[in-house]
Amino acid sequence: QVQLVESGGGLVQAGGSLRLSCAASGRTFSNCLMGWFRQAPGKEREFVAAISQSGRSTYYADPMKARFTISRDNAKNTVYLQMNTLKPEDTAVYYCAANEYASFTSYVAGRQSTYHYWGQGTQVTVSS
């Protein structure tokens with residue numbers, strides 16, 4: 001089992017920045033492919049970004065590619081999502097997800113079904 005706890009969400013004005021954190025426990029974090037997803041009101045959950053076990057490979061959904069950065073600190077068992085130039089359409093609940101041992105490819109990393117473990121989510125609200 002992997003337990004995931006997100007933090008860092010909140011209310012921000014358009015154009016602002018937030019950094020989300022996801023703390024993992026229970027298994028070897030450095031073995032885990034990590035991803036961020038989000039779900040806006042009335043919409044399906046969608047992929048945001050993913051990072052390989054070593055942190056050397058990342059993958060982003062196109063709308064976030066220029067504004068969001070995923071990173072990880074294996075010594076701290078934490079994955080981050082730096083979000084810049086936020087827009088009202090970024091308003092959503094953001095979820096952290098993990099898969100142990102999956103090989104990192106963009107196809108694998110971007111699929112919700114890849115991930116076995118999910119956090120409870122953190123709310124991000126961007127006001128216009």
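Student: Which residues of strand β1 (residues 3-7) make up its covered face, and which its uncovered one?

Tutor: Leu4 and Glu6 form the covered face of β1. Gln3, Val5 and Ser7 form the uncovered one. In a regular strand, side chains alternate between the two faces of the sheet. Strands here are DSSP runs of E, at least two residues, numbered from the N terminus. The model is predicted: local features need pLDDT of at least 70, side-chain atom pairs 80 or more, while totals for chains, interfaces and linings use all residues. Residues are numbered from 1 along each chain as its sequence is written, and side-chain values use heavy atoms, without hydrogens or water.

Student: What makes β1 and β3 a pair?

Tutor: Pairing takes at least two DSSP bridges between two strands. β1 and β3 have 5, so they pair. They run antiparallel. Serine 7 stands opposite serine 21 in β3.

Student: Why is the link between cysteine 22 and cysteine 96 called a disulfide?

Tutor: A disulfide is a pair of cysteine sulfur atoms within 2.5 Å. Here S to S is 2.1 Å, so the pair qualifies. The whole structure holds 1 disulfide. Cysteine 22 lies in β3 (residues 18-25) and cysteine 96 in β9 (residues 92-100), so the pair ties together parts 74 residues apart in sequence.

Student: Why is the disulfide of cysteine 22 and cysteine 96 called left-handed?

Tutor: Its S-S torsion is about -75°, so it is left-handed.

Student: How do you know that cysteine 32 is in no disulfide?

Tutor: The nearest cysteine sulfur, that of cysteine 96, is 9.5 Å away.

Student: Is cysteine 32 buried or exposed?

Tutor: Buried means under 20% relative accessible area, exposed over 50%, partly exposed in between (1.4 Å probe, protein chains only). Cysteine 32 has 1%, so it is buried. Cysteine 22 and cysteine 96 are both buried.

Notes:
Helix = DSSP H or I, 4+ residues; strand = E, 2+ residues; numbered from the N terminus.
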